[in-house]
Amino acid sequence: MSIAPDTSTAARALAAAGDQDSARDVAALDLAARGVDRKLAPTRLGIVERLMFGPAPSVAELQSGAALARSVSGTEHAIVAAALGSLARGEAFTADARLSAALRRTVAAEKAFGYTVPAAFGGASASYGQLAAVEEALAANGLGPLAVELSGQLTIGAGSLLAYGDEHQRRTFLPLVAEGRPMAFGLTEVGVGVNAKKIQAHVEEQPDGSYRLFAEGAANKLWITNAVHGGLIAIAARVGRGGAGIGLFIIELPAANVTRDAAHDYEFRCEPSGVAAFVANFNSRLHFSNFPLSAASRIAADGVEVLFYCLRMGRCMLAAMAAGYQRMLARDASHYAQQRIGVGGPVLRHEIPRLNLGKMLGGALQAQALAYLSLQQDADGVDLAGLRDLTKTAAAGAALESMHACEHVLGGRAFHGGSRVNDARVNLHLFGVVEGEDDLILMGMVRDVTQRFVDRYLSPLLGVIQSANASPSGTKLDESERILRLGFSSLVRHPGRTLKAFARLCVQPKVWIIDVWFLRNALADLARLPLRLLPAAAFARYRAVAPPLRRYARYAERKLRSLRWTYFWLSVFYQLELTRAQIPLQRLGKCIEHLVSMLAICHHASGADSSVREVAALQAQLLKDKYRAIRVLSGLRAMQQTRRAVAAIGASLEAGECSLLDGIEPQDFGHSWEPPRRRAR
Ligand SMILES: Cc1cc2nc3c(=O)[nH]c(=O)nc-3n(C[C@H](O)[C@H](O)[C@H](O)COP(=O)(O)OP(=O)(O)OC[C@H]3O[C@@H](n4cnc5c(N)ncnc54)[C@H](O)[C@@H]3O)c2cc1C
């Protein structure tokens, strides 16, 4: 792989470790993410990075999310009241449990579909904070599907036009969006999911500057939420078949399918995707062949960059919805537990059901705290890297645990067809996959928050290892000959190159910069040590937190600071291999997620009433327990054993040798496609 000058350190490290496929894909995705950074031009480093590497954020900053939540509280009333009126009249859902046209008309009259669209385009000019309040309240009251629809409409839908559309595109399409015309964003294809830069749909430019769109077969757009006949869509497609650039085109979909005939030289089909989640919403598979697009439909930006830009708000809205869903679960489960007589009296009297209810409420508070903190950080021009990702993973994870907890309180009735608890299940499962799959974005989050540290302090070290993998003629060595970790085993296998690399480490001044970092940080931690004897109340920083929550806030901050050492030692241990070591990175990501969540909850609940502070105290304790259960450095040997066992299973599956699968035919996939032929290794 030839390395472009602006290739990210992560992609370079992957290439150096011999993983060319991942290096290429990561480099392409990083480029799109960098475009978003340039557009947003944040004025402050991300809060997660500062919590780990310093300087610590102020108390006012940590409590800014709670202030936002208070300021928007109540503004959602008109839309939510209209929607609940429709629900009470029994007209919100159709007989086949889909959102009804009557409900859509009712909320459209309150400008719900153009809520965050500026008034100049017919919208309500509301902030994303206000939208979060709507999302949460709808999901809390059994209208989660409407919240899903509005989120798609206003984040990846209208959000893409507002941020990247030109004046003509905004004037043409935003008023339609504000009226309630559904708007979708179409990136995913039958053959391409998370690896967004690999999409195959393409446009061919015509001599008059217009385009023809081809999204055929495996390049059909799949699972596109809000895509419906007559709706609007921002659709991502490669410019030219196999072209390097990914364009984005805003179009109005035809009101009906089109087949090629005397009147039409193109095809279009919009069909239900058949997915069994988001079942109350429009969700479609789209086919285009030679489909005409005007020159004016092209949005002047990279399609994946636009998606990444919009996803940051999408993730905040998903967290707000997750908060609402969990409050709904807690409401229904607590009502049941009060009514239902279990062994020895009402279910609610017993400790385990109470713990489960506490988990639902705590998960709701966690999702709420993170959603509003992220939104305020974004509004304040802070880099959202790190926080936007863990906000989503924490909210989706907590929501799924709450679903489980709810099932254990409600028993069989949690599965009653048509109940809102039962209906919530698939959507809450899906929250872990849409807007970025949780584990992938957690690992991306670790990369984002450590990138500056790696660039500044570790890249000279990695450079030395890379140079150990170059042959005397300067070409790269074969993968089997590569050194990924300098240590005893590399000394035994490749003594000459290992000793040379160690010698370089000793004499290269650039590498010593990490020693300086080490000493400075070790001394700073040593100086902090005696302060641990003082109670939290001795520090102005923690006096701003409600007394029962102080020790959790302090614990979370201390442990987040110590995670910089965890990352340092992981880097020293794994060296170049860390590019492939997903298990340690995912575990570190979970540690960060739990601790930042704990801190956010403490600050969010400090100004709330005592019932909320009690929920916060339980959730903070549960998060602390989870954090303590994850062993990263202290479990390095065990983790290596796990990784070896995982590698062995992967290899046996690749070779088709796992006998537990003998005698079982795999089921055909929905929406099949032809996998690319594997290259010989
Ligand atoms: C109901 C629904 C609504 C949706 N709405 C939209 C929409 O409106 N617009 C749109 O464009 N898309 C939409 N999507 C698509 C959604 O974003 C994708 O499902 C998602 O991006 C994952 O793609 P995939 O399901 O094809 O997974 P795949 O790409 O096939 O991946 C399968 C699994 O492999 C994992 N994986 C892949 N690579 C790695 C790696 N290097 N390391 C570790 N794990 C890896 C992934 O994390 C994933 O869990 C929707 C999907 C659903 C189901």
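Is Thr 43 buried or exposed? The structure examined here is a predicted model. In this model, Thr 43 has a relative accessibility of 66%. The cut-off for an exposed residue is over 50%. Thr 43 therefore counts as exposed.

The setting of Thr 43 is a loop. This loop runs between α2 (20–40) and α3 (47–53). Residues up to four places away in sequence set aside, Thr 43 touches Asp 380 and Gly 381. Lys 359 lies 316 residues from Thr 43 along the chain. The C-alpha atoms of Thr 43 and Lys 359 are 36 Å apart.

Ala 41 is found in the loop between α2 and α3 as well. Its backbone carries a positive phi, near 40 degrees, in a residue other than glycine. The relative accessible area of Ala 41 is 49%, so Ala 41 is partly exposed. Ala 97 also has a positive phi, of about 65 degrees, and is not a glycine. Ala 97 is placed in the loop between α6 (77–88) and α7 (101–108). With a relative accessible area of 43%, Ala 97 is partly exposed.

Another backbone feature occurs at Pro 55. The peptide bond from Gly 54 to Pro 55 is cis. Its omega is near -10 degrees. Pro 55 is in the loop between α3 and α4 (59–62).

The largest nonpolar core contains 101 residues. Leu 138, Leu 146, Met 360 and Phe 431 have the most contacts inside this core. Helix α11 supplies the largest share of the core, with 22 residues. Leu 146 belongs to the core of 101 residues. Neighbours within four places in sequence left aside, Leu 146 is in contact with Ala 83, Leu 99, Leu 103, Val 107 and Leu 138.

Helix packing was then considered. Helix α11 (303–339) is one of the partners of α14. The buried residues of α14 also pack against α9 (144–164) and α13 (387–410). Helix α14 spans residues 420–430. Its buried residues are Val 421, Asn 422, Ala 424, Arg 425, Asn 427, Leu 428 and Leu 430.

Helix α11 also packs with α12 (residues 351–379). The angle is about 160 degrees, and the axes are 8 Å apart. Angles over 145 degrees count as roughly antiparallel. Helices α11 and α12 are therefore roughly antiparallel to each other. Their crossing is left-handed. The residues of this contact divide into 18 nonpolar, 5 polar and 3 charged.

A further helix pair is formed by α15 (residues 438–468) and α17 (residues 495–507). Their axes come within 9 Å and cross at roughly 150 degrees. Helix α15 is therefore roughly antiparallel to α17. The crossing of α15 and α17 is right-handed. On the α15 side, the contact is made by Leu 461, Val 464, Ser 467 and Ala 468. On the α17 side, Arg 497, Ala 501, Arg 504 and Leu 505 take part. The residues of the contact divide into 5 nonpolar, 1 polar and 2 charged.

Conventions: Residues are numbered from 1 along each chain as its sequence is written. This is a predicted model: local features need pLDDT of at least 70, side-chain atom pairs count only at pLDDT 80 or more; totals for chains, interfaces and linings use all residues. Side-chain values use heavy atoms; hydrogens and water are left out. Helices (H or I, at least four residues) and strands (E, at least two) are DSSP runs, numbered from the N terminus. Buried means under 20% relative accessible area, exposed over 50%, partly exposed in between (1.4 Å probe, protein chains only). Contact means heavy atoms within 4.5 Å. Axes are lines fitted to C-alpha atoms, for helices over the stretch in contact, and angles run from 0 to 180 degrees between N-to-C directions. Angles under 35 degrees count as roughly parallel, over 145 as roughly antiparallel, 65 to 115 as roughly perpendicular and the rest as oblique. A crossing is left-handed if the near helix is turned anticlockwise from the far one by less than a right angle, and right-handed if clockwise. Ala, Val, Leu, Ile, Met, Phe, Trp, Tyr, Cys and Pro count as nonpolar, Asp, Glu, Lys and Arg as charged, and the others, Gly among them, as polar. A nonpolar core is a set of buried Ala, Val, Leu, Ile, Met, Phe, Trp, Tyr and Cys residues joined through side-chain atoms within 4.5 Å.
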